[in-house]
Every structure is written in C-alpha cells, then in structure tokens.
Amino acid sequence: MDTAQDDPTGLPASAATLYRAALGPAGASAYLPVIARFEERGRSAMVWNTRAALGQLAWLVYWRLWGAALAQAGLALAAAAALGWLWMRAEGVPTGIRIGLTASALVLWCALPGLWGMAWLHRGLRERVAAAVEQADSFQEAVERLERSEYGWRVAGLVAAAAVLVVVALLAGVVGQQWRPAAVGAAQVQSPAPPQRAPRLLPSPPVASPTEAPPATPAVLPVQAPVEPVAAAPTPAAPEPVLRPRPRGFGVNVGMFAREANAERAKARLVEAGLPVLDDPIESARGPLTRVRVGPFERREEAEQAAAKVRALGLEARVYAP
C-alpha cells in the first residue's frame, strides 16, 4: 500500500482513497479531515459533531453504527423509565428539581453522540475498510466494493434515518402525554383547596372565647377595661390546643402542620386516595398549626384500614378512640 502523503488531508493516498470510497462524496468532504487527524494520532478522540448531536439515532443508523445505535436506544429507554418514575411516583420531589433532572437527561442524551460520534464513525470505517481489503484481490477491487456498499446504502440509509426520526417523535409524544397528568397534578397539589377549607374555618373557638368574656364585664366600671386585655391575652394561648373538639367515633391522626401549603398537599393526597379528611386550625405556643385527621369511623377496624392507606401514602397515621 502506498505510504506517500500526497493527499491534501495528510493521509497516504491509498488510505485516503479507501476512506473516500467508504464515506461517499458528501461524507468525505465533511468527515475525512477529522478521520485524517485520528489516523495521524493513531487513536480516536472526542470531537464535537453537531450533526450527530442533533441527528441522534438517525445519524447512527445512516452510518450503520449499529452497536452505538443500540447503546443509545438503551440509554434513551432507561432515561425515559427513570424520568417517568420521577414525574409519576416521586411525589415528594419539587417540580423545579424534576424539570432540572429532565433537562439534564436530554442534554446528556444529545452530548454523548455529539462528543463521541466521530470516534464511533472512525472505528466503523476502519472495520469496513479492513474487511473490503481482506476480501478483495486487488486495491482497485477493494475501492469498488466500498463504493458499491456506500452507494447501495445511501438511499436506504436516508429512509431508515427518517423512519427513526418519526419513531422517536411518536415515542416522545406518547411519553409526554403520560407525564402531563402527573405534572398537572403536582401543580394542583400546591394550590389551596377552598371547598374544604371554607366550612371548617367557621367553628373556630379562638375567636369566640374573647368575645364572650367582654359581654359579662361591660356593666362593671370602665376602669377595668384596660386590665382585661392584660390578663386575658396570655391565658387562651395555653389551653386552646387542649380544648379543640374531636369528632365522635374512631379516627386517624395524620399530623399537625406549621405550613398551610404542606397541610393542603397532605389533604389532597388523602382525598385522592378516597379517605374522608378533617382539618382544623390550632393556635399553639409555636404559632398557628393545622391539624389533619381522617374519619370519623364507627368501628375501629375501619379506622385501622384507613390508617394502612395513609401509611401507604408515606404519611404518619395514629388511630384514636372516641
């Protein structure tokens, strides 16, 4: 084989001719200079290829890089399964983190072929050139074999690449339709639920206790009016958590939440599971709290079954008796 470097790319003339035959006219003008650098170094390296990054599986299929295409498809399926679990099952993960992980997976999926596509192509071309030289009786016959193979696959490769793009687009649409209800549900959990909140705010006793005390003392001297707030202000804070009414029957204590948004999220998950939810505001030394319960139930067995459902949602559950 001639080793004189009389080709503009710096490759020996014979090697350049074989690579041109394997790449075809369009591929040779785009990729042969990079292949020449690889051959000069004696190894492949990371080189950014925008066509490989955007074309993804279609680019790999067009250049018949079957091993890399299967690996990229497997990575896509694994990433889709992980992201599906993240959006549909991991309820405690904030929406911002879900979006960030999804964007990172898409960037990684595009970066792999973009950075290593040329290295994969170089390896595949070397294997094709070596097979053609081994099977041919002369150098010219090896070149003709590579040209026939490239020309015969050119149209079929374009059709196969287009089909891959269509399949990927369809799968992306199906996955998006599956994830959309989970994303909408995550957004709805964070919004308040006024239908449940309005009726339970009415029977709050903290407002009733200070208003009932003044009617008993207006007939007394007005001098005692400034003394009343000083003595009455600290007294309701301590007993109020103890005087909260408990519904008759068995029930399940889920927890007391300092943040109303957390209480609303817990209530939404309980209602979605088909459980009757009770909640009431409580004033404590730490500030206002929201107590969330499930019930009431006539039998303890029903309360125990409800507690099992609550624990399955990842929430605390403690059965109380009437």
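Trainee: Why is Tyr 31 called buried?

Mentor: This is a predicted model, and in it Tyr 31 has a relative accessibility of 5%. Buried means under 20%, so Tyr 31 counts as buried.

Trainee: What makes Trp 63 buried?

Mentor: The relative accessible area of Trp 63 is 8%. That value also falls under 20%, so Trp 63 is buried. Tyr 62 is buried as well.

Trainee: How many aromatic pairs are there?

Mentor: The count comes to 4 aromatic pairs.

Trainee: Why is the pair of Tyr 31 and Trp 63 called edge-to-face?

Mentor: A pair of aromatic rings is described by the distance of the centres and the angle of the planes. For Tyr 31 and Trp 63, the centres are 5.7 Å apart and the planes stand at 75°. Centres within 6.5 Å make a pair, and planes over 60 degrees apart count as edge-to-face, so this pair is edge-to-face.

Trainee: What makes this pair a tie between separate parts of the chain?

Mentor: Tyr 31 lies in helix H1 (residues 13–41), while Trp 63 is in the loop between helix H3 (57–62) and H4, so the pair ties together parts that are 32 residues apart in sequence. Trp 63 also forms an edge-to-face pair with Tyr 62, at 5.2 Å centre to centre and 85° between the planes. Ring pairs join Tyr 31, Trp 59, Tyr 62 and Trp 63 into a cluster.

Trainee: How do you know that H4 and H5 are roughly antiparallel?

Mentor: Helix H4 (residues 66–88) and helix H5 (residues 95–135) pack at an angle of about 175°, with axes 11 Å apart. Angles over 145 degrees count as roughly antiparallel, and H4 and H5 are therefore roughly antiparallel to each other. The residues of their contact divide into 13 nonpolar, 3 polar and 1 charged.

Trainee: What is the order of the strands in the open sheet?

Mentor: The open sheet of 4 strands has the order E2-E3-E1-E4, with antiparallel pairing.

Trainee: Why do strand E2 and strand E4 stand at the edges?

Mentor: Strand E2 (277–284) and strand E4 (318–320) each have a single partner strand, so one side of each is left without a neighbour in the sheet. E2 pairs with strand E3 (residues 287–297) over 8 bridges in the antiparallel sense.

Trainee: Which helix lies across E1, E3 and E4?

Mentor: That is helix H11 (residues 300–312), running at about 35° to E1.

How values were computed:
Residues numbered from 1 in each chain as written. Predicted model: local features only at pLDDT ≥ 70, side-chain atom pairs only at ≥ 80, totals over all residues. Heavy atoms only, no water. Axes fitted to C-alpha atoms, helices over the stretch in contact; angles between N-to-C directions. Helix = DSSP H or I, 4+ residues; strand = E, 2+ residues; numbered from the N terminus. Parallel < 35°, antiparallel > 145°, perpendicular 65-115°, else oblique. Nonpolar A, V, L, I, M, F, W, Y, C, P; charged D, E, K, R; others polar. Phe/Tyr/Trp six-rings, centres within 6.5 Å; stacked < 30°, edge-to-face > 60°. Buried < 20%, exposed > 50% of the residue type's maximum accessible area, 1.4 Å probe, protein only. Pairing = 2+ DSSP bridges. Contact = heavy atoms within 4.5 Å.
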